[in-house]
Amino acid sequence: MTSSGQLYLRLLRYFLPYRGIAVFTVILMAAAGGVDALMIKLLKELIDRFESLANGSMALWVMPAVLLAVGLTRMLTSYGYEYASSWLSSRITHDVRAEMYERLLHLPVATYDRASVGELLSRVTYDVNQIMEAGLQVITVVVKDGVLAISLLAILLYTDWQLAMFCALLLPGVAFSMKVVGRRQRRLSLQTQDSMGMLARILDESLGGHRVVKIFNGQGYEARRFSRTNQQVRRLTVKRAATTALNSGINLFMVAITIALIVYFAGVRTQAGALTAGDFVSFMGAMLLLQQPVKSLTKINDSLHRGLAAAQTVFALIDQPIEPDHGQHPIERARGDIDIRALRFAYGAELAPALQDIDLHIRAGETVAFVGQSGSGKTTLVNLIARFYSGYDGDILLDGTPIADYRLHDYRQQLAMVGQDVVLFNDTVTANIAYADSNPDPARVRAAAEAAFAADFIAQLPKGYDEVLGEEGARLSGGQRQRLAIARALYRDAPVLILDEATSALDTESERMVQAALDNLMRDRSTLVIAHRLSTIEKADRIVVMHQGRIIESGTHDALMARKGAYAAMHAVQFVEAAS
Ligand SMILES: Nc1ncnc2c1ncn2[C@@H]1O[C@H](COP(=O)(O)OP(=O)(O)OP(=O)(O)O)[C@@H](O)[C@H]1O
C-alpha cells in the first residue's frame with residue numbers, strides 16, 4: 001500500500017497548474033469561516049452596548065448595517081469558494097481522467113487479459129469522482145471549518161481563558177478516536193470499491209453474454225453469483241456507515257460533556273463577576289457554534305480515506321506500464337516480407353509454450369493460411385506479428401528488420417486486420433471505414449466500399465455514407481458488417497493483412513460477396529489467414545498446419561492432400577461433416 005504522504009504529494013501535483021485558483025479558493029474558504037466567527041463577536045457587542053442603544057447614544061441603524069454587511073460578505077465568500085472549488089475539481093477530474101484514458105489506450109494486450117473491462121470502467125468513471133469529491137470536502141472542511149474553529153477558540157480564550165482551558169482537555173481524546181477509527185474506515189472503503197468493481201464485472205459479463213446465459217439456462221447461477229457480491233456490497237456499506245456513525249457519535253458525546261462543564265464553570269465565573277452578559281452569551285454561542293466545525297473535522301476522516309483509497313486505484317492504473325516501444329527504425333511502407341526464425345513464446349513464465357520452433361518465411365504478397373485444432377497457436381502467432389505481446393525467443397523480421405526495432409506506430413501502420421468480431425464504432429459509415437483518419441478522403445472511402453462489395457447496401461441506408469451506425473452497428477447483418485470491416489482494411493491499404501476468418505457460416509449469397517471482397521483485399525498483400533473452414537483456403541499460396549504450438553506440415557493444398565498427412569485427414573473430416 002502506498003503511504004498516505006506519497007498519495008497527498010502526488011495529488012497535490014495535479015493542483016499545481018491551477019495554483020492561483022487553488023490559493024484564491026482557500027482564501028475564500030478561510031474568509032467564509034472567519035465571517036461566521038465574526039457573527040458571535042457582534043452578538044457580544046450588541047448585548048454589551050444595549051445600554052447605549054437604550055439611551056440613544058448609538059444610532060439605531062449602526063448594528064443592523066454592520067450585520068447586513070457581514071451577511072453580504074458571508075454570501076459572497078460562500079458563493080465564491082463553492083464556484084471556484086467546483087471549477088477546480090472539474091478541471092482536475094478532467095485531467096486525471098484524460099491521463100487514465102491515454103494510459104488505457106496504450107496498455108499492452110496482456111494487461112487487458114488480466115483486467116476486466118467493467119473494473120477499468122468503474123475506475124475511470126467512479127473512482128476519479130471519488131477522489132475529487134472527497135478531496136474537496138476535506139479541503140473545505142479543513143480550511144473553512146478549521147478557521148471557524150480556531151476563531152471561535154480565540155474568542156473563547158480571549159473572553160475567559162480559564163473557562164476555555166476546559167475545552168482543550170477533551171481535544172486529545174477526540175484526536176485519538178479519530179486515528180483509531182480512521183484505519184478501519186480506509187480498509188472498509190477499499191473493500192467497498194473492490195466489491196463494486198466485482199459487481200460491475202459480473203454485470204458486464206452476464207449482460208454482455210446474455211445469449212450464453214439464456215442458452216445455458218445460467219440465470220440461476222448468475223443470480224446466485226450476483227447476489228453474493230450484492231450482499232457483500234450491502235454489508236460493507238452498512239459497516240462503513242456504522243463506523244462513521246460510531247466515530248461521530250463518540251465525538252458528539254465528548255462535545256456534550258465539554259458544554260456541560262463549561263456551562264457550570266461559566267455560571268461560577270459569572271457569579272464571581274468575571275463575565276459580562278455579552279461575554280457569557282458570546283462564550284456560550286461560540287461553544288455551541290464550535291460543535292459544527294468540530295463535528296465536520298472529525299468526520300473528514302471518512303472522506304479522506306475514501307479519497308485516498310480511490311486515488312490508490314487510480315494511480316495504480318496510471319502507473320501500469322504501456323506497450324513497449326523502443327524501436328527507432330522509421331518505415332513508410334514495407335514490402336511485406338515476413339521472416340520468422342526459431343520462434344518460441346509462452347504467455348507466462350509458468351505456462352507451457354504456446355509456440356515453439358516456428359520457422360516460416362512469408363514472401364511479400366504471399367497468402368499463407370494457418371490451420372490446426374483449437375489451441376494449436378494460430379492466433380498466438382498473429383498476435384506476436386501484431387506486436388500485441390512481447391517477450392518471445394527467436395526473431396520476427398519484416399523486410400529483414402526485427403519488428404521490435406520499428407517504431408510501434410509506424411509498424412502498426414503496415415498492418416490491417418479483419419477479425420471475427422467486427423467492431424463498428426458509434427459513428428458514420430465514412431468514419432467507420434476511414435477509422436482513425438481525422439480527415440477521411442470520400443473518394444477513397446467510396447472506392448474501398450466498392451471493392452468490398454459494400455457500396456450497394458450503404459447506398460440503401462437512409463443517409464448513405466453519413467448514416468450513423470447504432471451501438472455496435474446492430475442494424476447491419478453479419479455479412480454486411482464483415483464487408484464494412486473489409487472496406488476498412490482496404491481503405492487502410494496496408495502491405496500486411498491479418499485475417500481471422502469468421503467461424504459462423506453466412507448464407508451462400510452473403511458468403512460469396514464476402515469472399516469476393518476478401519479476394520480484392522488480399523490482392524498484392526502479404527496475407528496471414530487464420531482459417532477455420534478448409535473450404536475457403538484452397539486457393540492460398542501456402543497452407544501451414546499447426547499442432548500444439550508447432551508447424552507440422554506446410555505446402556499448397558494439392559501438395560498437402562497428396563501427402564495424406566494431418567491436413568488431408570482434417571480435410572476428410574470436414575468434408576464428411578459438410579456432406580452430412
Ligand atoms: N491470453 C492468453 N493467456 C494465456 N494463454 C493463452 C492466451 N491466449 C491463448 N493462450 C493459450 O495459448 C495456446 C494457443 O492458443 P491460440 O489462441 O493461439 O490457439 P488457436 O489455434 O488460435 O485456437 P482457436 O482456433 O481456438 O482460436 C492455447 O493453449 C491457449 O490456451
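Alanine 436 is found in the loop that joins helix H13 (429–433) to helix H14 (442–451). In this predicted model, alanine 436 has a positive phi of about 75°, although it is not a glycine. Most residues other than glycine have a negative phi. Alanine 436 is classed as exposed, because 9 other C-beta atoms lie within 10 Å and a residue with 12 or fewer counts as exposed. A second residue with a positive phi is aspartate 524, at about 60°, and it is likewise not a glycine. Aspartate 524 is located in the loop between helix H17 (508–522) and strand S8 (526–530). Aspartate 524 has 11 C-beta neighbours inside 10 Å and therefore counts as exposed.

Helix H2 comprises 30 residues, 19–48. The buried residues in H2 are Thr25, Leu28, Met29, Ala31, Ala32, Gly33, Val35, Asp36, Ala37, Ile40, Lys41 and Lys44. The elements covering these buried residues include helix H4 (62–105), helix H6 (117–159) and helix H10 (277–318).

Aspartate 36, in helix H2, has 22 C-beta neighbours inside 10 Å and so counts as buried, the threshold being 20 or more. The C-alpha atom of aspartate 36 is separated by 9.1 Å from that of leucine 152, although the two residues are 116 residues apart along the chain. Glutamate 45 also belongs to helix H2. Because glutamate 45 has 14 C-beta neighbours inside 10 Å, it counts as partly exposed.

An unreviewed UniProt entry lists residues 21–40, 60–81, 138–157, 163–181 and 244–266 under "transmembrane region". In the model, residues 21–40 are 100% helix and 0% strand, with end C-alpha atoms 30 Å apart. Residues 138–157 are also 100% helix and 0% strand, and here the end C-alpha atoms are 27 Å apart.

The ligand is surrounded by Asp113, Tyr347, Ala354, Gly372, Ser374, Gly375, Ser376, Gly377, Lys378, Thr379 and Thr380. By class, this shell consists of two nonpolar, seven polar and two charged residues. Helix H11 (residues 378–385) gives the most to the shell, contributing three residues.

The largest nonpolar core contains 71 residues, of which Ala369, Phe370, Ala452, Ile486 and Ala487 touch the most other members. Helix H16 (residues 478–492) supplies the largest share of this core, with seven residues. Another core, of 27 residues, lies apart from it and has Ala32, Leu275, Met287 and Leu289 among its members. Ala32 is also one of the buried residues of H2. With residues up to four places away in sequence left out, alanine 452 touches Arg483, Ile486, Ala487, Leu490, Ala517 and Asn520. Among these contacts of alanine 452, Ile486 and Ala487 are also listed with the members of the largest core that touch the most others.

Technical notes:
Residues numbered from 1 in each chain as written. Predicted model: local features only at pLDDT ≥ 70, side-chain atom pairs only at ≥ 80, totals over all residues. Helix = DSSP H or I, 4+ residues; strand = E, 2+ residues; numbered from the N terminus. Expected span 1.5 Å × (residues − 1). Contact = placed C-beta atoms within 7 Å. Near = placed C-beta within 6 Å. Nonpolar A, V, L, I, M, F, W, Y, C, P; charged D, E, K, R; others polar. Core = buried A, V, L, I, M, F, W, Y, C linked by C-beta atoms within 7 Å. UniProt positions renumbered as here; feature names shortened; annotations may be inferred.
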